[in-house]
Amino acid sequence: VDAVASDADYLARSLSEPTAFEPIFDRHFGAVHRYLHRRAGRDLADELTAETFALAFSRRGSCRASGSVLPWLYGIATNLLHRHRRAERRQLHAYSRSGVDRWVAYEDEADARVDGSSLDARLAGALAAMRPRERDALLLYALADLSYEEVALALDVPVGTVRTWLHRARATAQRELAAADVDGCLLATTGVDLNG
Amino acid sequence: MDELDLFRNFRRGVATPSADAQRRASARLASALDVVVGREKAARLRQGRRRWPLVAIAVAIVAGMALLATPALGIGDRLLSLIQGKRSPLDVQAPAWSRDGRTIVFVSWRDGNGEVYAMDADGSAPRNLTQHPAKDVRPAWSPDGRSIAFASSRDRQSEIYVMNADGSGKRNLTRDRANDDYPTWSPDGRRIAFLRGYPKRANVPGLGVIHYYDYHLYVVNADGSGLRRLTPNPTWRKQLVWSPDGRTIYFGRYLVSADGSGARRLPYIPLTAVWSPDGRRIAFVRGLPDRSQVGPVGRNHEIYVMNADGSGSRRLTHNRAYDGEPAWSPDGRKIAFQSTKTIGGNKEIYVMNADGSGKRNLTRNPAMDGRPSWSPDGRRIAFVSDRDGRLDAHVMNADGSGQRSLTSQER
């Protein structure tokens, strides 16, 4: 019986009965943590995920989601990341220059070396070059797999704004990745054809 | 290929979150919940818990309502349909069985303002005992089963009332302008303890401004005479339990002498407290700071026992799980409890000796199993489980064997 209740049901119920918030945590902890992990590294992800849910609980009365609350949770997580914007940008820069990602602990060491790490380094460079809100919109779209509408909900802006940000993010990515191609070496080592 | 989609693979190799991260985050949420829920939850008094097993069904009904499940409980169905329309499950206390087992009183919100109802134990003949547009809640049977105390807002602020079991002869015991709530009979039926609340507000970091009541403990004779305050200091906790001998009242963080001769302040705030059947010991739950937790206020719940005078407290459980809902066996030798590693996680029922030795998981089940309640002969334990897909009352032998649903055969 309980399995069919939607996030919004739980959320509405949690207003009068706070413990009804628990299933929301159980459902979405993994997804939020993975998103934060990819943006901020494991240590910070542990902390920010905990904070995301504590904050979501205290703000549960203001959530407008009608189905899944995941976009809303991603929005809170993304706002929490803002305190660490500079650190994220520094880290992306360092990653793009060195090809070594200090923030992500890979499950398999071999993955880190073989699996597209240099493409990741170039993507890191492109992300570092974006404006913060463009980067947020892009990563909510790409990492969190949200639709444009859901990104708009998460960031609390009109969907047209999301389109604009993603358009700019795309332009920045094209420019930065093309610049990396000119270097040549990265493309040669990864064998990834960016035009394909 | 769209450049944006390239980013889908960015740092694709991240590890799945560690169990430890999840546990810490869940503890953090639990502490946020505690602040909000704790004050409400403490109101769930032990009233009627020993009247087994029917009370276990009642507990299952309330637990089921809490999840808006529709437990098919026979009489529970009826009860549930009567209760529907409630505003908050927290305002609905467990239905209480009369001592002779023939009548159940409960609170219904079907007309939107809270009424005390009674019905026969087979679910028939529901009747509205209060019949008033104001809120009437928290019915409590007198020990002799002849009277029912309740809290009513018919005079604007909440007052303690007593009526005959058929709803006649209502009288106000607390004519004043304060908010009086949570009436609880002394074991001898001569007095009623209750809480008088004063509205407060506080700014809790991370939660914003919250509104709550500070409560003082009062006692009044059942005829309305002899009203007096028993506590020197108020607390926001609402727990109120008479000792079996009627001499002590556990309230918030105090053990208060019922004759008004004094109160002993406990060095910590128990989350729940349960007297042993002989009245000499108290099992209680305490939230310990969890240092491994990220944030400031992690809590790890453990079960303790202390002497009835508050001395000699001893920790019985040592683990990182949330242990709670302790229940003494009738001979006082064992304590059953529920335990879960994460908030909202899989609860299991354990039993241990009253000195904390010999812990054993009785349920070992992927479903939620909680709220143990011993049969009067101590040979069986009733509990609540969702193993059949809904919250429902179950029973097992005290060694964990022979687990079965209590209600499915009764239909």
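**Figure 1. Arg138(B) and Asp181(B), a buried pair in a predicted model.** Both of these residues are buried. They form a salt bridge in which the closest N and O atoms are 2.6 Å apart. Arg138(B) belongs to strand E5 (residues 136–141) of chain B and Asp181(B) to strand E9 (residues 179–185) of chain B, so the bridge ties together parts that are 43 residues apart in sequence.

**Figure 2. The salt bridge between Arg196(B) and Asp180(B).** Here the closest N and O atoms lie 2.7 Å apart. Arg196(B) sits in strand E10 (residues 191–204) of chain B and Asp180(B) in strand E9 of chain B, so this pair ties together parts that are 16 residues apart in sequence. Arg196(B) is buried, and Asp180(B) is buried as well.

**Figure 3. The salt bridge between Glu134(A) and Arg168(A).** The closest N and O atoms of this pair are 3.6 Å apart. Glu134(A) is in helix H8 (residues 132–142) of chain A and Arg168(A) is in helix H10 (residues 159–183) of chain A, so the pair ties together parts that are 34 residues apart in sequence. Glu134(A) counts as buried because its relative accessibility is 4%, under the 20% limit. Arg168(A) has a relative accessible area of 36% and is partly exposed.

**Figure 4. A network of salt bridges in chain A.** Side chains of opposite charge can pair when their charged atoms come close. Arg39(A), Glu88(A), Arg133(A), Arg135(A) and Asp136(A) are linked in this network. Over all chains, the count comes to 17 salt bridges.

Notes. Residues numbered from 1 in each chain as written. Chains lettered and ligands numbered in written order. Predicted model: local features only at pLDDT ≥ 70, side-chain atom pairs only at ≥ 80, totals over all residues. Heavy atoms only, no water. Salt bridge = Lys/Arg side-chain N within 4 Å of Asp/Glu carboxyl O. Helix = DSSP H or I, 4+ residues; strand = E, 2+ residues; numbered from the N terminus. Buried < 20%, exposed > 50% of the residue type's maximum accessible area, 1.4 Å probe, protein only.
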